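Welcome! Let us take a friendly walk through this structure, one part after another.

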Amino acid sequence: MPAVAEPELEPGAEAQLETQLEAQFEATIGRKDRIEPRDWMPEAYRRTLVRQVAQHAHSEIIGMQPEGAWIGRAPSLRRKAILLAKVQDEAGHGLYLYSAAETLGVSRQELTEMLISGRQKYSSIFNYPTLSYADMGTIGWLVDGAAICNQVPLCRTSFGPYGRAMIRICKEESFHQRQGYELLMTMMRGTDEQRAMVQESVDRFWWPSLMMFGPPDDESPNTARSMAWGVKTHTNDELRQRFVDMTVPQAKALGVTLPDPGLVWNEERGAHDFGQPDWDEFWEVVKGNGPCNAQRVAHRKKAWDDGAWVREAALAFAAGDCRDTSGDTSGDTSGETSNETRTV
Amino acid sequence: MPDVRTHEPDDHDNAYAGLLVNDTHWAFGTDFEDPLAGVDTTVPDGVDPATLAAYCLMLGDDALVLSQRLAEWCSNAPDLEEDIALSNIALDLLGQARLLLARAAAADGSQVPALPDGSPVPDEDRLAFFRDAPQFRNVRLVEVPGGDFAQTVVRILLFSSWRLALLDRLTRSRDGVLAAVAAKAVKELTYHRDFAGRWFLTLARGTDESRRRLVAGLDALWPLWSELFETHDVERAAARSGIGVDPADVAADVEAVLDQVLAASGVDRPAVAPLAAVQGDGAAQPAHGRKGRDGGHTEALGALLAEMQVVARAHPGGQW
């Protein structure tokens, strides 16, 4: 099933109208104004957005798993509450983003089915395992930190519902990032074993975090067009550099080493030089061969399949309720009445 | 409301701004460690501190263990709305547990497990993570494995109907801390009961499959229902000294609520016998055998605690 219906175009007048609409669209983008769901937009723009917003929504939902796995084992009641609330926020982010995608004419159910059939992707970072409680801190600090670097510019993205969702999401993400960093700080003040746990976790997540910005600019086929449309506002390499420059002083304050011998300050550039992640590993994980790809999708599919009878029951109950109620209203069973009843 | 299109979130551009500054903007800074900070925890006149602590552990353990069970739904629920709702209920109960365990520790420190000298583990965490199953005082309803969504709905309905009635009366406790905890919890439990009641009705009147599962879930949990209204000696003493509630006193109210939900749903009360008490082998065991409040539990609690406590116990000197 295609994500978006193909437009029915006829040559002639239709084409002329489209040229005008396209000019208006470009002018809106040029003013850095928002495109809203009711506005005309090029089909390729709609497709790009559905792909990006859906991928983002899926990332939030799949991202619940690596952290969710540790809720049961959180080592203090306070940390359990923080972690559970954080994972719950991720479900909320998924909800906003699926709603933003729905304004582009694709349903949450269709998107979920594309996720569990492997036709749509999610952020590859979630295909790495969480192996210690320190990972709950490292994910907050590095993974959410990298996500924020990627996402803050999206608050100004050209599509209104996506940009507005991102404003709220970024606020919550920066809260999560702070909580993660605070966990690591606390653990570093603890025992030797805890400090070793933090370092080991940072060693594992550093390179995958750098990969979160995507392939180098010269290997990123969609970047140029996404930037021209204002969907994307910075290149992958620009954001990666920003992330490294911001992270280095934080690592120092924390007392951990970032596992890159090539990481040095370059006075001339006014920025850090740093090594490249293993891009072969990146593409392997993207292709589905990462440590947890199969497990993450299977988990999501199981939850979706196991919940089918509940969703069916809710629909049947809503429909049944409707019938019962309209039966009471002197035989008026018009569609309008039914719809009103359903919203009660 | 400002026009969002002109919103320029430059102030959020730097994800790391202020990360090291312990400003008051954040709810979870490095402070906020003591859940009862600034609260007067003096035990009221004429109240036995050990009874108060044991009573708080009962109510706290109920909330803690059910919270642990409900959190198992996280990322596994039928849809995102239910995932969020179940996490919400788990979080509310976790918050109640944290306050109640902290109250227990403040009332009678001798019930708090000892850890090596200098351990920074706070009292409420020592109680949660360093007691073994026989020391837990929760009713058995909260510890049995979760089952499907229908059984989860049944458990939340049974538990929250009972606990709401208990804590509603507990708002008049002579212990100011318990009264305050109860006042907060009553609002939360009202929502939990509403969530479960709506889903109970929905599943009962949804499809044949959902009704079948709902009735099966009710049958599965019913043997653990009557235990909730049996009065333990600690509860009797707590009620007598005006700090606690005798669960037998709320039975009629709770059964009336449940009957209302069952009637609206067209579901009969199950004809299933209560789960028997089990006699222990010590002279100190009550003659009638042990149930949850006596530390007599099902096999499931040990496994639940093994998961819950594994990280904390590996680091008795750790701080989190």
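Before we start, one term: two residues are in contact when they have heavy atoms within 4.5 Å of each other. Keep in mind, too, that what you see is a predicted model.

With that term in hand, look at chain A. Among its contacts with a separation of 6 or more, 76% are between residues 24 or more positions apart. Chain A holds 14 helices and two strands. It has 344 residues, and 56% of them count as buried. Its accessible surface is about 14,700 Å², with 54% of that belonging to carbon and sulfur atoms.

Now turn to chain B. Of the 320 residues in chain B, 54% are buried. For contacts between residues at least 6 apart in sequence, 76% join residues at least 24 apart. The accessible surface of chain B comes to about 13,300 Å², and carbon and sulfur atoms make up 52% of it.

Next, the spaces inside. Searching the whole structure turns up three cavities of 30 Å³ or more. The largest cavity has a volume of about 110 Å³. It is lined by 14 residues, and the closest to its centre are I82(A), L83(A), M136(A), Q179(A) and G180(A). Helix 4 (77-102), helix 6 (134-151) and helix 7 (160-188) of chain A are the elements that each give two or more residues to this lining.

The loops deserve a visit as well. In chain A, S124(A) sits in the loop between helix 5 (108-116) and helix 6. Is S124(A) buried or exposed? Its relative accessible area is 15%, and a residue under 20% counts as buried, so S124(A) is buried. Leaving out residues up to four places away in sequence, S124(A) touches V285(A) and V286(A).

In chain B, F136(B) belongs to the loop between helix 3 (123-129) and helix 4 (149-170). This residue is buried, with 0% relative accessibility. Beyond its neighbours within four places in sequence, F136(B) is in contact with a number of residues, including D61(B), L64(B), L127(B), G292(B), H297(B) and Q309(B). P116(B) is 20 residues away from F136(B) along the chain, and their C-alpha atoms are separated by 22 Å.

We finish with two backbone angles. Most residues other than glycine have a negative phi. K32(A) is not a glycine, yet its phi is positive, at about 60 degrees. It lies in the loop between helix 1 (13-30) and helix 2 (43-62) of chain A, and K32(A) is exposed, with 75% relative accessibility. S75(B), also not a glycine, has a positive phi of about 75 degrees. You will find S75(B) in the loop between helix 1 (49-71) and helix 2 (80-107) of chain B, where S75(B) is buried at a relative accessible area of 9%.

Methods: Residues are numbered from 1 along each chain as its sequence is written. Chains are lettered from A and ligands numbered from 1 in the order in which they are written. This is a predicted model: local features need pLDDT of at least 70, side-chain atom pairs count only at pLDDT 80 or more; totals for chains, interfaces and linings use all residues. Side-chain values use heavy atoms; hydrogens and water are left out. Helices (H or I, at least four residues) and strands (E, at least two) are DSSP runs, numbered from the N terminus. Buried means under 20% relative accessible area, exposed over 50%, partly exposed in between (1.4 Å probe, protein chains only). Accessible areas come from the Shrake-Rupley method with a 1.4 Å probe; for residues, only the protein chains shown count as cover. On a 1 Å grid over the protein atoms alone, a cavity is a set of points where a 1.4 Å probe fits but cannot get out, and a pocket is an open set with protein on both sides within 12 Å along at least five of seven lines; lining residues have an atom within 4 Å of a point. Grid points are joined across faces, edges and corners, and a volume is the space filled by probe spheres set on the points.
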